[in-house]
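Keep the sequence and the model side by side as you read.

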Amino acid sequence: MSVVTVQLGQCGNQIGYEVFDTICRDLHNSQGFCCKRENEVYQASCKEHFFNEERSGVPVARALLIDMEPKVISQTLLKAARSGRWKYGQHSHFCQKQGSGNNWAYGYSVHGPKHEESIMNLIQKEVEKYDSLRGFSTIMSMAGGTGSGLGAFLTQNLRDAYPNSFIINQIIWPYGTGEVIVQNYNSILTLSHLYRSSDALLVHENDVVHKICAKLMNIKQISFRDVNQVIAHQLGSVFQPTYSSEGSCQYRRNPLGDLMASLVPHPEFKMLGLRNIPQMSENSLSYTTFAWTGLLKHLRQMLISNAKMEEGIDWQVRPPLLGLPALEKVPHNKESHFNTSIANLVILRGKDVHSADLGGFKDPALYTSWLQPSDAFSEWRTHRAFNKYEKSAALVSNSQFLLKPLDTVIGKAWNMFASKAYVHQYTKFGIEEEDFLDSFTVLEQVVASYCNL
């Protein structure tokens, strides 16, 4: 059951490298807190999901690297090869000499059509290696030109060429005070186009990850690599192998497909967020112990209060009482608004994992009225610990978590558009004012749908 990872642009390629490196380090981790046999089965399942085996024995990532400039791809290929643990395929990349200049229109309307045949041929050659293709996972930024513009174009092409395969886009949400002046334009164009062709959008907010680096990881001088490694840890904690069902010792064959089946019950609701607990520096791990009761109590409160990390949780937020009219569910203090969910998936890894009680996540008050908790909540477990954490939990949530950031981006983009600022940079490459208006319409509908849960 194969999934092809497509790394797009500078951001997508740098994060993609960290994801595969994190997975490979976990694969060889001796601190799995489980028996040898269980560890061997886990390792075999991990390799099956993410790597091809070469005769040399070095795992080859099931990934394609695409950028319109050669520098980052060259660095990424070299770093992987030098690690000695894994590498990228010899013919797994496509690059050119000229970037997109942080212009979504250039990536979408110029690079996309110009290189469509070459890129789709590269993807087809990769797909032909596998007996069974399940889908695609792209990693891309929303703020720049190549990852966002070419990424949106390529996602549409993948949908047309592989209509029965799933597509999940890992998108990196830009810093609120980003360096790219047109990042809000690029963001609304990316999101609106992906919403038409993708099955799910798994969002990573740079501002949130930056805070995790500062407050939980205790990093003083935070680099892009630090941010990327936290994102890679979060993704690994979700996509590494887990048991297929309660009490089973068989690992699930299609985790990405299972994730979307669990979390995206309606095509109007595709935004997924990710939270992890605990997260800390490696130095702190050795002398810290956790109980499942405490971890899950914090994780549940993070969900309902929309806290993105365990520090600074608002413990005053409570689920609404069932039976109250919808208007009475919203508190007057909007800062402590209850975060209504459509669906949640909790993934538990580590010691005594089957003793952990997830009853608190099955409360009907957490969910929208049109789904039963039995349909809205899923759990995955494995005794094998992840990345040296004796016990760890990840929560993937389809909820109202992104309403505020999304509303902010739409508002900033609209203010610029209303004064026609920088619009000429897009119209000269074929993106007209009507395309902007279409994007605003799509995203305003997304906001309205999530608001009405």
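**Backbone and inner spaces**

K420 has a relative accessibility of 41%, so this residue counts as partly exposed. The model is a predicted one. K420 sits in the loop between α14 (403–418) and α15 (424–427). Its phi is positive, about 60°, although K420 is not a glycine.

D352 also deserves a look. This residue is not a glycine, yet its phi is positive, about 55°. Its place is the loop between β10 (341–350) and α13 (373–376). D352 has a relative accessibility of 46%; buried means under 20% and exposed over 50%, so D352 counts as partly exposed.

Next comes a peptide bond. I277 and P278 are joined in cis, with omega about -5°. P278 belongs to the loop between β9 and α10 (282–285).

Now turn to the second largest pocket. Its space amounts to about 810 Å³. The lining counts 33 residues, and Q10, C11, N102, S141 and V180 are the closest to the centre. Four helices each supply at least two lining residues: α1 (9–27), α3 (70–83), α5 (146–161) and α8 (224–239). The largest share is that of α1, with 6 residues. By class, the lining of this pocket holds 18 polar, 11 nonpolar and 4 charged residues.

The structure has 4 cavities of 30 Å³ or more. The largest cavity holds about 240 Å³ of space. Its lining is made of 18 residues, with T5, F50, S137, F239 and L256 nearest the centre. Two or more lining residues come from each of β1 (2–8), α1, α2 (36–50), β6 (133–141), α8 and α9 (255–263). Here α1 again gives the largest share, 3 residues. The lining of the largest cavity divides into 11 nonpolar, 5 polar and 2 charged residues.

The second largest cavity has a volume of about 130 Å³. Which elements each supply at least two residues of its lining? They are β8 (200–205), α7 (206–216) and β9 (271–277). Among the lining residues are V203, H204 and E205, then V208, V209 and I212. G273, L274 and R275 also line this cavity, as do Q234, K308 and F401. By class, the lining of the second largest cavity has 6 nonpolar, 3 polar and 3 charged residues.

Technical notes
Residues numbered from 1 in each chain as written. Predicted model: local features only at pLDDT ≥ 70, side-chain atom pairs only at ≥ 80, totals over all residues. Heavy atoms only, no water. 1 Å grid on protein atoms, 1.4 Å probe; cavity = no way out; pocket = protein on both sides within 12 Å on 5 of 7 lines; lining within 4 Å. Points joined across faces, edges and corners; volume = space filled by probe spheres on them. Nonpolar A, V, L, I, M, F, W, Y, C, P; charged D, E, K, R; others polar. Buried < 20%, exposed > 50% of the residue type's maximum accessible area, 1.4 Å probe, protein only.
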